[in-house]
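Please look over the sequence and the structure before reading on.

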Amino acid sequence: MTAPPNIFALMLLTAALVTSCGTSDVGTPTGVAEAFYEEMAAGNIEAAKRLSTPETAEMLDYIAATHCTEMFHMIAEGGASKARIDEDSARVRFLEGGGFATVPLVKVDGEWKVDFATMVKAHMKPEPVGVQL
């Protein structure tokens, strides 16, 4: 007994879709963060910018010029170990050498984007006026 031709077509389409998908699902915070580090490690800054918020994309040329690509390789190779996902924000933790690197993400127009800019701004606190060094 042979199956109808549309069953074979469906099976072929399903197999093609499964085999064409990579290991990183760029529809998830973890997939976006992994793809971002892979692109940065490979020196594909423009591709990494597409995975970033506009503010973070503006920072990437500087980050790429001042940070050794070895750091991005180490984080990309360590892989994501944990993720905390809220409604419109997420944090993905990567193994890095002997420690961890945490990547913040936010949803922009329904897509997850790496958001280093917000993290950097949070660490930059203005000094109070009149403080003597």
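The structure is a predicted model. The count of salt bridges comes to 4. Side chains of opposite charge can pair when their charged atoms come close.

| Salt bridge | Distance, N to O |
|---|---|
| K49 and E46 | 3.3 Å |
| K49 and D61 | 3.0 Å |
| E111 and K113 | 3.4 Å |

Salt bridges link E46, K49 and D61 in a network. Within helix α3 (residues 45-50), K49 and E46 are separated by about one helical turn because they stand 3 residues apart. An α-helix has 3.6 residues a turn, so residues three or four places apart point the same way. K49 also forms a salt bridge with D61. Since K49 belongs to helix α3 and D61 to helix α4, this pair ties together parts that are 12 residues apart in sequence.

K49 counts as buried because its relative accessibility is 18%, under the cut-off of 20%. E46, at 49%, counts as partly exposed, and D61, at 43%, counts as partly exposed.

In the salt bridge of E111 and K113, E111 is partly exposed with a relative accessible area of 47%, whereas K113 is buried with a relative accessible area of 13%.

Helix α4 spans residues 54-66 and bends by about 35° at L60. L60 is buried, as are T56, A57 and I63 in this helix.

Definitions and conventions
Residues numbered from 1 in each chain as written. Predicted model: local features only at pLDDT ≥ 70, side-chain atom pairs only at ≥ 80, totals over all residues. Heavy atoms only, no water. Bend = angle between axes of the 7 residues up to and from the residue. Helix = DSSP H or I, 4+ residues; strand = E, 2+ residues; numbered from the N terminus. Buried < 20%, exposed > 50% of the residue type's maximum accessible area, 1.4 Å probe, protein only. Salt bridge = Lys/Arg side-chain N within 4 Å of Asp/Glu carboxyl O.
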